[in-house]
Amino acid sequence: MDRIPILKMGQYLLVTIQVDLYDRLALDLESDLISHITQTNARGVLIDISAVSIVDSFMGRILSNIAGMARILDAATVVVGMQPAVAITLVELGLSLTGVHTALNVERGIELLRTKTGGTIEPSDYDEPSDD
Amino acid sequence: MSKSIIGTLSQKKNQILTLWMRNQLSDGGLRDDLMNNEDLRQQSAELLDCLFDTVTDDTLTAPDAPSLAPLIDQLTHVSMSRARQGFTPRETGTYIFSLKDALLEIFRHERKEDSEQLLGEILLISKFIDSLGIVTFETFIQGREEVIMRQTDEMTEISTPVVQIWDGILAMPLIGTLDSSRALVVMENLLQEIVRTGSGIAILDISGVPTVDSMVAQHLIKTVNATRLMGAECIISGIRPEIAQTIVHLGIDLSQVVTKSTLASALKHAFASMRIEVSKANSRSF
């Protein structure tokens, strides 16, 4: 069975969705990603959907869910590279993905993750210097 | 057999023109603001010349005969130009039909003695002028449609330009009312341009939008949300005081949207969020 690879890059997890997500795959991705966040103690998740051309409300909800769960685990979620047609569809469906950060491409997504998590790293490092 | 119909009429050409002009001038709906009497007289004279040059007694009964083409062309030209000048259909129709009155009046004098023939010829002329009237209407409507088509084309052409005003900052000045189809075009153009230029900030300037009702506001919010989903920020600028009042009175929630009163302040906000500092150049550096 297909699985979407989850790559670890430093403090962040990188997911590139190259195929159209069907429901089972999306659900698997959700649970895989959340368990990865716990295992690796990741501070951020970057999901690249630039190759996705079709979305439905389920996919929108999965993205929202991932962001919500990641936030509970203290990780920021950035969705990057959304196609105009996908953005219009999500808006027309009434899903504005509040709580999900977005960026134009992977590069800017990483930058955004750095600024989002960078501010919180230092105080926490300061509190627990022996952690890493 | 008495003289032919056209032969009789062409001898009285000047009289017909005078009568026709009198009919036109006495009409209450004369538009001397669109066309002065001199031009009107000239146009009428040309049409009359053309009429007597082309029409014979035979073609009176066959208004679609090929030999009448110059007359139809002339009529088309008159009708088209009237459509463009802004005459109403009634005024254009009256122009042609008042010719009938003039012709019939001439005939009444000419054929006093033979009422049977008079009736037949009046019917003939009447029919002929009516068919000219139909041609006039058809071309008039065609002319108006051309005007409308051209205006629509112009409007869609000018309606949705996306301009790059800074590296990474796009602006889209919206002019005219936003309906659903236009709002979709606006959204698509903006999003595509964001992808193409990789811009992080888009400014939607609505100073040219006459009214903002809940429908327009919803379209704007959708555009802002879609831009955000793409990973860019969208600022709405050019909100006039009365529009701000309407938005609040309608209870539209724009709290999730960055709004600025002018394009300049939106640009300033964009500079601030991109950490760009623009300052006056030192005069020595030139």
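## Exercises on a predicted two-chain model

Ala65(B) is partly exposed because 16 other C-beta atoms lie within 10 Å; buried means 20 or more such atoms within 10 Å, exposed 12 or fewer, and partly exposed in between, with C-beta atoms placed from the backbone. This is a predicted model, in which local features need pLDDT of at least 70 and side-chain atom pairs count only at pLDDT 80 or more, while totals for chains, interfaces and linings use all residues. Residues are numbered from 1 along each chain as its sequence is written, and chains are lettered from A and ligands numbered from 1 in the order in which they are written.

**Exercise 1.** Find where Ala65(B) lies.

*Solution.* Start with the elements: helices (H or I, at least four residues) and strands (E, at least two) are DSSP runs, numbered from the N terminus. Ala65(B) sits in the loop between helix H4 (57-60) and helix H5 (69-85) of chain B. Next, look at Val55(B): it is 10 residues from Ala65(B) in sequence and 9.6 Å away in space, C-alpha to C-alpha.

**Exercise 2.** Describe how H3(B) and H5(B) pack.

*Solution.* First, the geometry: helix H3 (residues 37-54) of chain B and H5(B) have axes 9 Å apart and an angle of about 160°. Axes are lines fitted to C-alpha atoms, for helices over the stretch in contact, and angles run from 0 to 180 degrees between N-to-C directions. H3(B) and H5(B) are therefore roughly antiparallel; angles over 145 degrees get that name, those under 35 are roughly parallel, 65 to 115 roughly perpendicular, and the rest oblique.

Then the handedness: H3(B) and H5(B) cross in a left-handed way. A crossing is left-handed if the near helix is turned anticlockwise from the far one by less than a right angle, and right-handed if clockwise.

Finally, the residues: H3(B) brings Gln43(B), Glu46(B), Leu47(B), Cys50(B), Leu51(B) and Thr54(B), and H5(B) brings Pro70(B), Leu71(B), Gln74(B) and Val78(B). Contact here means C-beta atoms, placed from the backbone, within 7 Å. By class, six are nonpolar, three polar and one charged. Ala, Val, Leu, Ile, Met, Phe, Trp, Tyr, Cys and Pro count as nonpolar, Asp, Glu, Lys and Arg as charged, and the others, Gly among them, as polar.

**Exercise 3.** Now try H2(B) and H6(B): at what angle do they cross?

*Solution.* The axes of helix H2 (residues 13-26) and helix H6 (residues 89-110) of chain B come within 8 Å and cross at roughly 130°. That makes H2(B) oblique to H6(B). The crossing is right-handed. Their contact has eight nonpolar, four polar and two charged residues.

**Exercise 4.** Which residues touch the most other members of the largest nonpolar core?

*Solution.* A nonpolar core is a set of buried Ala, Val, Leu, Ile, Met, Phe, Trp, Tyr and Cys residues joined through C-beta atoms within 7 Å. Of the 71 residues in the largest one, the answer is Val45(A), Ala87(A), Ala202(B), Ile203(B), Leu204(B) and Met230(B). Helix H9 (residues 214-230) of chain B gives the most to this core, with seven residues. Another core, of 21 residues, lies apart from it and includes Ile16(B), Leu47(B), Leu103(B) and Phe128(B).

**Exercise 5.** Work out what chain A brings to its contact with chain B.

*Solution.* Begin with chain A itself, which has four helices and five strands. The contact takes 13 residues from chain A and 15 from chain B. On the chain A side, H3(A) gives the most, with five residues. By class, that side has 10 nonpolar, two polar and one charged residues.

Notes
Two residues are in contact if their C-beta atoms, placed from the backbone, lie within 7 Å.
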